[in-house]
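Here are some notes to read alongside the model. Take them one at a time, and keep the 3D view open as you go.

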Amino acid sequence: MDLAQQMIEPVYGFDLHSFAVLLHILLLTYWLGADMGVFYASRFVVNPSVSPAARGVAAKVMNVVDLAPRICLVLMLPSGVTLMAATDLGRDVFYGWPLALVWAAALIWLALVIVDFRRAPVRYADLAHRTDYVVRIALVLGLLAVSGYTFVVAEPFGVTTNPKWLAGKVAAYALCIFGGIMIRVKLRPFGPAFAKLMSDGSSPEVERGVQGAVRGSIPYVLLIWVMILTATFLGVVKPGTAAVG
């Protein structure tokens, strides 16, 4: 038994695989749950029969709760790699320094996300926003390429267990990131329109701006939810997996 194998053997009933599964479950729960909370709060934000003051409170709640899905989206990547590193599927590829590198990169990405979200420190906020945007686009393209390769090749990366389910899971995660990018694009008019609502009150023009931005993002919210459930199904059922020969 080599050192890497010894290090992931259970210690007091808890090992790397147990940790990875627990983290995966927690991230999934908070991601989907908080996302639904944001979606529900948005119903009050776009409702013209609700007072501007109440809509402002709903917007603040929506904004604060939205941090949880952003964090979960980022951490789901190193969590998934950790899960692979703790099993025969990816132990030889990811365990050790590659896993540490993935976590370091993910934590840097998470720092960018938090700086962008809080807009603080102010002097780094715009840089963090632009860098985060580039990272997301690069990940979408890179993960879809890896997914396509895994799906097409008979034994991708030397894996002989027909991991087509993993290709689907990686693609689903990439589409979650894509959905988040598109939500940002669709919500760009929301900030100016909502600020005008708070300062000048409701008007047909303002309501069109607020409601149009939120409604335009709904298809991509639904895309993320479907992809989360798809990735969960594929990760649990692992359809088509062949026995290790």
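**Notes on the helices and their packing**

1. Helices here are DSSP runs of H or I with at least four residues, strands are runs of E with at least two, and both are numbered from the N terminus. Gln-211 is buried, with a relative accessible area of 14%; buried means under 20%, exposed over 50% and partly exposed in between, using a 1.4 Å probe and protein chains only. Beyond its neighbours within four places in sequence, Gln-211 is in contact with Val-46 and Pro-48, where contact means heavy atoms within 4.5 Å.

2. A word on what you are looking at. This is a predicted model, in which local features need pLDDT of at least 70 and side-chain atom pairs count only at pLDDT 80 or more, while totals for chains, interfaces and linings use all residues. Residues are numbered from 1 along each chain as its sequence is written, and side-chain values use heavy atoms, with hydrogens and water left out.

3. Now the overall picture. The protein has ten helices and zero strands. Along its principal axes, the C-alpha atoms fill a box of roughly 70 × 35 × 30 Å. Of the 245 residues, 41% are buried. Among contacts with a separation of 6 or more, 71% join residues 24 or more positions apart.

4. How do α8 and α10 cross? Helix α8 (residues 164-186) and helix α10 (residues 204-237) have axes that come within 8 Å and cross at roughly 165°. Axes are lines fitted to C-alpha atoms, for helices over the stretch in contact, and angles run from 0 to 180 degrees between N-to-C directions. That makes α8 roughly antiparallel to α10; angles over 145 degrees count as roughly antiparallel, under 35 as roughly parallel, 65 to 115 as roughly perpendicular and the rest as oblique. Their crossing is left-handed: the near helix is turned anticlockwise from the far one by less than a right angle, whereas clockwise would be right-handed.

5. Who takes part in that contact? Among the residues are Trp-165, Cys-176 and Phe-178 of α8, and Tyr-220, Ile-224 and Met-227 of α10. The contact of α8 with α10 divides into 16 nonpolar, six polar and two charged residues. Here Ala, Val, Leu, Ile, Met, Phe, Trp, Tyr, Cys and Pro count as nonpolar, Asp, Glu, Lys and Arg as charged, and the others, Gly among them, as polar.

6. Helix α8 also packs against α7: their axes come within 8 Å and cross at roughly 155°. α7 and α8 are therefore roughly antiparallel to each other, and this crossing too is left-handed. The residues in the contact of α7 with α8 comprise 17 nonpolar, four polar and four charged.

7. Look next at the inside. The largest nonpolar core has 28 residues, and Trp-31, Trp-109, Tyr-173, Cys-176, Ile-177 and Ile-224 have the most contacts inside it. A nonpolar core is a set of buried Ala, Val, Leu, Ile, Met, Phe, Trp, Tyr and Cys residues joined through side-chain atoms within 4.5 Å. Which helix gives the most to this core? It is α8, with seven residues. Leaving out residues up to four places away in sequence, Tyr-173 touches Leu-73, Val-74, Met-76, Leu-77, Trp-109 and Leu-143.
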